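Hello,

Here is the structure I promised to pass on. Please open it first, then read my notes below with the model beside you.

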Amino acid sequence: MDGREILESIPTFTPFFLLNGYTSLINQNINDALNNLWIVVEQLTEILWKQIYIRHKDNYPRRVQKCHANYKESNYLKHIATKHKLLRLAKVITRQNYKILECARKSRNNLAHRGRQPNREVVITLWEQLPELLESATDYKNIGMREIKIGQEINWNNSHNNNFDEWKELGCALIWLCTK
């Protein structure tokens, strides 16, 4: 099984944001990483919500049904935080995943509404937890994405080649490709 097979099994999922989130994280752009990965979370949450939770909501314990009814009455079912809480109570997602999503959601909201840059560790932890959401949304287990680890923070002050010569080389290569 390869990544393409997994992603193709979720027709309503847009892998563009997963790739952009990973690329931003690798390139130390924590704000963009969180924004892109949060879109991934929201897409996967909707998939879990519709394909698992809603289909089985009448079979969940009374506590979950009562909580669902209270949220529905107060018109909170559309909120991502509410969906995460109900997915957790219904054991669609784990307690650990719920806590990570809660922390990432707060960081994302602080970024979007207050301009506060998120903690890099929060975003890395979110990245490391995404395979569990993907596995929950598909029939696949132990997906290879679990092996993709984010390295240590880059120390930009210790650049070996800081005169931008590589930019000139890249520019020449791009020009050559475009005129080919």
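I150 sits in the loop between α7 (120-137) and α8 (165-179). This is a predicted model, so please keep that in mind throughout. Is I150 buried or exposed? Its relative accessible area is 13%. Buried means under 20%, so I150 counts as buried. Which residues does I150 touch, leaving out those up to four places away in sequence? They are Y22, L25, I26, R120, I124 and W127. Take I26 from that list. I26 and I150 are 124 residues apart along the chain, yet their C-alpha atoms are separated by 6.8 Å.

Now the whole chain. It has eight helices and zero strands. Read along the sequence, the pattern is α-α-α-α-α-α-α-α. The chain has 180 residues, and 38% of them are buried. Next, look at contacts between residues at least 6 apart in sequence. Of these, 64% join residues at least 24 apart. The accessible surface comes to about 11,800 Å². Carbon and sulfur atoms account for 50% of that surface.

Next, helix α3 (30-56). One is Q43, which lies in α3. Q43 has 17% relative accessibility, so it counts as buried. Beyond residues up to four places away in sequence, Q43 touches T12, F13, T14 and F17. The other is I47, also found in α3. At a relative accessible area of 5%, I47 is buried too. I47 touches I10, T12, F13, I52 and A137, again not counting residues up to four places away. Check I10 on your screen. I10 and I47 are 37 residues apart along the chain, and their C-alpha atoms are separated by 8.4 Å.

Move on to helix α5 (residues 80-89). How many of the 10 residues of α5 are buried? Eight are, so the helix is largely enclosed by the rest of the structure. The buried ones are I80, T82, K83, H84, L86, L87, R88 and L89. What covers them? The cover includes α3, α4 (62-73) and α6. Just after α5 comes K91, which takes a positive phi of about 65°.

K91 also belongs to a group on the surface. R63, K85, K91, R95 and K99 gather there in a patch of positive charge. One of them, R95, lies in helix α6 (residues 95-114).

Now the salt bridges. Side chains of opposite charge can pair when their charged atoms come close. How many salt bridges does the structure hold? There are five. Here are some to look up.

Start in α6. R105 forms a salt bridge with E102, with the closest N and O atoms 2.8 Å apart. The two residues are three apart in α6, so about one helical turn separates them. An α-helix has 3.6 residues a turn, so residues three or four places apart point the same way. R105 is buried, at 15% relative accessibility. E102 is buried as well, with a relative accessible area of 18%. K106 joins in: E102, R105 and K106 are linked in a network of salt bridges.

Then find E135 and R146. Their salt bridge has its closest N and O atoms 2.6 Å apart. E135 lies in helix α7 and R146 in the loop between α7 and α8, so the pair ties together parts that are 11 residues apart in sequence. Are the two partners buried or exposed? E135 is buried, at 7% relative accessibility. R146 is partly exposed, with a relative accessible area of 30%.

Finish with D58 and K57. Their side chains meet in a salt bridge at 3.9 Å, N to O. D58 counts as exposed, at 61% relative accessibility. K57 counts as partly exposed, at 27%.

When you go back to the model, begin with I150 in its loop between α7 and α8. Then trace the cover around α5, which includes α3, α4 and α6.

Best wishes

Notes:
Residues numbered from 1 in each chain as written. Predicted model: local features only at pLDDT ≥ 70, side-chain atom pairs only at ≥ 80, totals over all residues. Heavy atoms only, no water. Patch = residues over 30% accessible without salt bridge, like charges linked within 9 Å, V, L, I, M, F, W, Y side chains within 5 Å. Areas by Shrake-Rupley, 256 points an atom, 1.4 Å probe, with all protein chains shown as cover. Salt bridge = Lys/Arg side-chain N within 4 Å of Asp/Glu carboxyl O. Lys, Arg positive; Asp, Glu negative; His and termini not counted. Charge placed at Lys NZ, Arg CZ, Asp CG, Glu CD. Helix = DSSP H or I, 4+ residues; strand = E, 2+ residues; numbered from the N terminus. Buried < 20%, exposed > 50% of the residue type's maximum accessible area, 1.4 Å probe, protein only. Contact = heavy atoms within 4.5 Å.
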